[in-house]
Amino acid sequence: MLTVDFDRLGVGVGTKAIDIGAGQGRHSFEMFRRGADVIAFDMSESDMTDVGVMFDAMMAEGQVPASAKARSEVGDALHLPYADNSFDVVLMSEILEHIPSDDAAIAEMVRVLRPGGVAAVTVPRYWPEKVCWALSTPYHEVEGGHVRIYKASELAAKLGKAGLEVTGTDHAHALHSPYWWLKCAVGVENNGNPLVKAYHKLLVWDMMSAPALTRVGEQVLNPVIGKSVALYLRKPGVTEAV
């Protein structure tokens with residue numbers, strides 16, 4: 001389940017990319033499949049171990065171009081261990097809402113992105129997220145949970161102040177908003193609820209089968225109730241020749 005449109009970022013063979021806050025690696029895997037030189041970066045050692053195993057499996061099974069490279073690394077998004085202007089593409093998907101010092105994380109993202117490079121930042125969309133917070137305190141008041149709700153315009157202003165140009169905005173995962181509203185209404189941990197189980201089964205079926213009906217339906221609904229908002233960005237300038 002991808003939140004980011006990698007065609008818009010031009011990810012392909014030889015693209016140097018980093019997925020900051022990679023989690024279980026869904027976006028890192030897609031960039032690897034496209035032939036990029038990818039770093040999956042996250043503070044979770046267990047997640048990065050699993051992602052590294054999957055990278056090896058993808059390569060062994062011939063799922064990626066021969067020139068593609070990928071590795072997973074553990075670290076802090078506020079202190080990225082990379083030189084300035086290191087990457088063509090930087091991704092931060094569903095991570096900033098977890099970080100108290102979001103300005104510092106954004107500054108690091110901008111620092112490692114080369115002039116002329118592109119980025120994507122995604123966060124939960126304002127009003128679907130507000131509904132979740134209103135229905136359930138445990139939804140967000142957990143260790144490592146969401147510490148804020150962004151308005152897209154406010155996030156765009158932060159990113160602009162940090163030195164990026166917003167080139168586009170999109171929404172994703174409309175089918176997931178009602179699912180989370182339902183979970184928040186009956187109890188976030190109440191996975192045995194019949195309605196929750198039925199809806200989860202629907203989402204799994206949709207992800208595995210990708211039927212035309214739900215794909216078209218979600219595209220129509222995304223601008224209205226899409227759970228995530230994605231901002232596409234560019235760092236002004238061009239990389240100086242070495």
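# Why these labels: cores, burial and salt bridges

Guide: The largest nonpolar core in this predicted model has 29 residues, and those with the most contacts inside it are Ile20, Val90, Leu96, Met109 and Leu159. Residues are numbered from 1 along each chain as its sequence is written, and side-chain values use heavy atoms, with hydrogens and water left out. Because the model is predicted, local features need pLDDT of at least 70 and side-chain atom pairs count only at pLDDT 80 or more, while totals for chains, interfaces and linings use all residues.

Visitor: What makes a set of residues a nonpolar core?

Guide: The term stands for buried Ala, Val, Leu, Ile, Met, Phe, Trp, Tyr and Cys residues joined through side-chain atoms within 4.5 Å. Helices (H or I, at least four residues) and strands (E, at least two) are DSSP runs, numbered from the N terminus.

Visitor: Which residues is Ile20 in contact with, leaving aside its neighbours within four places in sequence?

Guide: Ile20 is in contact with Phe41, Ala77, Leu80, Val90, Leu91, Met92, Ser93, Ile95 and Met109, where contact means heavy atoms within 4.5 Å.

Visitor: Why is His27 called buried?

Guide: Buried means under 20% relative accessible area, exposed over 50%, and partly exposed in between (1.4 Å probe, protein chains only). His27 has 2% relative accessibility, so His27 counts as buried. His27 is placed in helix H2 (residues 26-33), and, not counting residues up to four places away in sequence, His27 touches Leu2, Thr3, Val4, Phe6, Asp19, Leu91 and Ser93.

Visitor: How do you know that Arg34 and Asp7 form a salt bridge?

Guide: A salt bridge is a side-chain nitrogen of Lys or Arg within 4 Å of a carboxyl oxygen of Asp or Glu. The side chains of Arg34 and Asp7 meet at 2.9 Å, N to O, so this pair falls within the 4 Å limit. Arg34 lies in the loop between H2 and E2 and Asp7 in helix H1, so the pair ties together parts that are 27 residues apart in sequence.

Visitor: Are these two side chains to be called buried, exposed or partly exposed, and what makes them so?

Guide: Arg34, at 25% relative accessibility, counts as partly exposed, because that value lies between the cut-offs of 20% and 50%. Asp7 has a relative accessible area of 57% and is therefore exposed.

Visitor: Which side chains form a salt bridge with Asp102?

Guide: Arg148 forms one, the closest N and O atoms being 3.7 Å apart, and Lys158 forms one at 3.4 Å, N to O. Lys158 is in helix H6 and Asp102 in helix H4, 56 residues apart, so this pair links distant parts of the chain. Lys158 is partly exposed, with a relative accessible area of 27%, whereas Asp102 counts as buried at 5% relative accessibility.

Visitor: How many salt bridges does a search of the whole structure find, and which residues are joined into one network?

Guide: The search finds 15 salt bridges, and those that share partners join Asp7, Glu30, Arg33 and Arg34 into one network.
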